[in-house]
Structures are given as C-alpha cells and as structure tokens.
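Let's take a look at a protein chain together. Have the sequence and the 3D view ready, and we'll go from the outline to the inside.

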Amino acid sequence: MSEHPRDRFDLIPDAKAEAAFLDAQARGRLHHAWLLCGVEGSGKATFAYRAARRLLGARPDPSRGLLGTDPYDHVARMISAQSHPDLLVLERAIEGGKTKKSISVDQARELPEFFSKSPSQAQARVAIIDAADDLNLNAANALLKVLEEPPENGVLFLVTHAPGRLLATIRSRCRRLAFPVWPQHALEELVRNRTGVSSGEASRIAAMAAGSPGQALALASGATLEADLLAQAWVNAETVDRAEAMSVADKFRGAEGQERFETLMDRLIAAVKVRALEEGARNLKGGGARWAELWERLSELPDRAAAINLDRSDVLAGALADLQRTKAARG
C-alpha cells in the first residue's frame, strides 16, 4: 500500500509554492482558500498536509524544507493518526470495501459546522479537500457557500487535478498555487534516495511516472511495480494467461482489494497508451488507431464500472478480452 500524503514528511513538492505560502503568512495576508493545481501525483496533497501541520502548530524542522515539521511532534502525530480536532479532511468515502465515486453533499455540509467553531487546540482550523474534482454538483454548491463567507481563523486547501472542471465561482474565490511536473533527473534522484534501487531501475520508474513524484514513489513500491510489470506483460504477450489473470482477480476483495484493482487498471491503461503511441509512430496498418480506441475504452471503464457497481473480477476479465481482440485484429 502506498504512503498517504499525511505521512510524508521528507518529500518537498515545490519549494516556490512553500515560499509563497510562508510569505503570505508572514505579511498577514494568508488567504482563506488555496487552490492547489497540477497533474495527479505532483505533491499537492502532500503540500496541503505540510501547510496544515504548520498552521496547527507542529514544531518546524528546517532540515525537511521550508514547511518541514518534526514527525515526532505531538501535533504531527495527531494529524497522522487522523485525530486532530482542528483538521477536517474530505475524501471519497469507502463503504462496503468500495470507494464511492464522489464526495457527497452530506460530507461537504460538514464544512460550515466545522468552521463555525473556534479552534480547539490551535490558532486556526484547517480543512483539506482531496480532491475537489471529486465533489458532486450539490457538494460543490455547499462548498461555495463556505467560500462566499470566509471563516474567521480558517484555512481551506482544495486539491485539484483539473481546475478547469471546477465551478468558476469556486476558482475565483481561491488563491491558486500551481505545482509543476518534475524533471526526469529529479524523479530519478527521488526514487534512488527513497528506495535504494539501481540507477537503471530508477530511470525506468522516472520515465513511467511522467513528471509525477507521487506516481514515481507509488511505482517504486513493490505492489505497484509488480502491477506495472504484469500489465506490460499482458499488453506485449501474444496471449494472456487466463489462469494467471483470474489468480490476480482473486485478490480484489475488500478495501485493500479495491486499491489493488485500481492500481492494476491504472498500469494496464498506461501500458496500452504506450503501445498505442508506438503503433501510431510505426503506422502499421491502422494498429495505432485500434490501440488508441482500446486506450479510450479502458480509460472510461473504471468509472463506468464503479457507477453501476460491477464486480472487479468481471471488469478485469472484460478488459483483457478487449485487449486480446485488439491484438488479434489485422488491417
């Protein structure tokens, strides 16, 4: 299981963003709402937790960057344990072992009540929405009401991978911080330092991560790297071993099983995308178009499956059957 952003203390997503935040705080112009923008895995949620720790009074640790804090400080430990009374985090809920498709309006309605109360242990109350893209329309409207009446001694962080999809009225009421993709060499260094893998392996992982430090760290974890290798094997082999696929699908039960399923589907979609680009570059009798169509179908599959509560094993079986048909097609 990959490390949650609330437990990351040594990853510095973007030093410029941290400097901008601290500068606003030092000048007494700390905005009540921050829109953290960038590709998924670029460190936005990690930044939100780093800033939250400092706002809630965790002991600074300059060796861990501008917003670094001591992981053994009692405030930091409470946040990691999800028990700090002055921090509210909205994420997609897990029910019956499955992650819901969106953040509900009932969850969003917790925000006004949370911010209506005075801080319990800190000088501020902090809320993190990870991610704002997951808010359904009613939840987004509930959030807007909070933004229209800024809470006293309250700070809100909205993580977004696609800010253009948010309501314009939400975007206009937030201060934006953009998180750039990381260069290849920085990702390689991150992976080597955090995992101790060889330079060659770090280079391969960095290339797959496409500028995302979060993705690089996830790929470097054993389970994700194993899923990536399996997905590549399925895409590049003549046929898929059905017995092997069903053995993998047996591990999809429960909340942990959902994470395995999502990781495997993510890596399968990524492997198909690479194959589509390769086939398109070689222009082999429409192969690029066929693989691009498969990529598009698979990209939509996880959300569609979640919407109608399909069995994960059936979803994987269907995806692999579609993959096999694409391989078998000619001309």
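## Helices and strands

Helices (H or I, at least four residues) and strands (E, at least two) are DSSP runs, numbered from the N terminus. By that count, the chain has 15 helices and seven strands.

A quick word on the source: this is a predicted model, where local features need pLDDT of at least 70, side-chain atom pairs count only at pLDDT 80 or more, and totals for chains, interfaces and linings use all residues. Residues are numbered from 1 along each chain as its sequence is written, and side-chain values use heavy atoms, leaving out hydrogens and water.

## Overall size

Along its principal axes, the C-alpha trace spans about 65 × 45 × 35 Å. Of the 331 residues, 48% are buried (under 20% relative accessible area, with a 1.4 Å probe and protein chains only).

## The largest core

A nonpolar core is a set of buried Ala, Val, Leu, Ile, Met, Phe, Trp, Tyr and Cys residues joined through side-chain atoms within 4.5 Å. The largest one here has 29 residues, and Phe-21, Trp-34 and Leu-36 are among those with the most contacts inside it. Helix α2 gives the largest share of this core, seven residues.

Apart from this core lies another, of 28 residues, including Val-248 and Leu-268.

## A closer look at α11

How far apart are the end C-alpha atoms of helix α11? They are 21 Å apart, which agrees with the 21 Å that its 15 residues (222-236) should span at 1.5 Å a residue, taking 1.5 Å times one less than the number of residues. Trp-234 and Val-235 are among the buried residues of α11.

How values were computed
Buried means under 20% relative accessible area, exposed over 50%, partly exposed in between (1.4 Å probe, protein chains only).
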